[in-house]
Amino acid sequence: MKKKLCISLVFALVLSLFGGVQRPVSVEAAVAKKLTLYVGSTYEVPSYYYSSASSSKKSVASVKKGSYGGYVISAQKPGTATIKLKSSYGYSDKYKVTVKSYFCPITFYLGANVDNKKATSSSDDDDDYYYSYSTPSTSEVIMAVSNKTTQSFDTLKISYKICNKAGDELAKGTAEANCVLKNTTAYVSVSLPSGVKLASVDTDKCSAEITGSTFSPDYKYVDKSGSVTTDITESTYSSSQSWDMTVKNKSKKYLEGMVYVLLFSNTDKIIGVKSERVYVYQKSSSEEYFDLDMDNYPEYSYRRVIPVFYYTKAK
């Protein structure tokens, strides 16, 4: 009799746990998922079943339906907020969102100098190839963006101002730095407007700020820069140099990233940068090409190649 009673109790317990229709989890009862964003970044909730959403602090993190039907959380300013989502079927979800500011100092350098030149184009012919190249019509300023946050970014959106010694604005604009891993530096060249002389720019008076970013909070960015090597073959045509670069991926992962070629003067000052976005398969290589008009870099002495590569994996 006791044995039958025990069996009946166990069977009743199983039914109570798994039988019938489960109660939908209320928004209040839902366990909050933690989400970290940076000002100007967004996150699309990976579900299309929600019919409504709200934020406890819209000034920190807002939420609205995106163009593909799901809800998108947008980071507005540093702070914390709770995002609640409901479906018409009783399902619910909750995100505890922490919005951080960027710690990405930006340093300015003077780049290609065409103050005393006119835009021209020329070509060279040899037995096997035909080369053509042109000089830039404007001078350039370089921004070095140091990522001192704990997050790696696919892109950083930059708003900048170029000023003279008196602090007067000579130019302003926006730019993007790509593949900015944590504890690395990205380099971006911006062209000055026609008529603005590089000699009038004071890099100490220039300013820039990060206004937004793109990255995947659900994935970890794994730095594999040490698994990438580069080899350059030089060719010279008139006053131009061409660099044929082989980028080798020694790892067993498909990698993406940037290759920077920094140009230095004999006083170890950065005077230019060439860059290329590169994708390379595991245990494979990619061929890239750079050209350099030496007349635009009269102080050029040597170069330094910096590969920055990574792959992502789910957290």
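Close-up 1. Cys104 has a relative accessibility of 10% and so counts as buried (under 20% relative accessible area, with exposed meaning over 50% and partly exposed in between, for a 1.4 Å probe and protein chains only). Cys206 is likewise buried, at 10% relative accessibility. The number of disulfides is zero, a disulfide being a pair of cysteine sulfur atoms within 2.5 Å. Cys206 takes part in none, and the nearest cysteine sulfur, that of Cys163, is 5.7 Å away. The model shown here and in the other views is predicted, so that local features need pLDDT of at least 70 and side-chain atom pairs count only at pLDDT 80 or more, whereas totals for chains, interfaces and linings use all residues. Residues are numbered from 1 along each chain as its sequence is written, and side-chain values use heavy atoms, with hydrogens and water left out.

**Close-up 2. A tilted aromatic pair, Tyr102 and Phe153.** The structure contains ten aromatic pairs, which are rings of Phe, Tyr and Trp (its six-membered ring) with centres within 6.5 Å, called stacked if the planes are under 30 degrees apart, edge-to-face if over 60 and tilted for the rest. Among them is the tilted pair of Tyr102 and Phe153, at 5.8 Å centre to centre and with 55° between the planes. This pair links distant parts of the chain, 51 residues apart, with Tyr102 in the loop between strand S7 (92–100) and strand S8 (106–110) and Phe153 in strand S12 (residues 153–163); strands (E, at least two residues) are DSSP runs numbered from the N terminus. Tyr102 is buried at 16% relative accessibility, and Phe153 is buried at 0%.

**Close-up 3. A stacked aromatic pair, Phe264 and Tyr302.** The rings of Phe264 and Tyr302 are stacked, 5.0 Å centre to centre, with 5° between their planes. Phe264 belongs to strand S19 (residues 255–265) and Tyr302 to strand S22 (residues 300–314), and the two are 38 residues apart. Phe264 is buried, with a relative accessible area of 5%, whereas Tyr302 is partly exposed, with 26%.

**Close-up 4. An open sheet of three strands.** The strands are arranged in the order S8-S11-S14 with antiparallel pairing, where two strands pair if DSSP finds at least two bridges between them. S8 and strand S14 (185–191) are the edge strands, each pairing on one side only. Strand S11 (residues 140–146) and S14 are joined by seven bridges in the antiparallel sense, and Val145 stands opposite Ala186 in S14.

Notes
Helix = DSSP H or I, 4+ residues; strand = E, 2+ residues; numbered from the N terminus.
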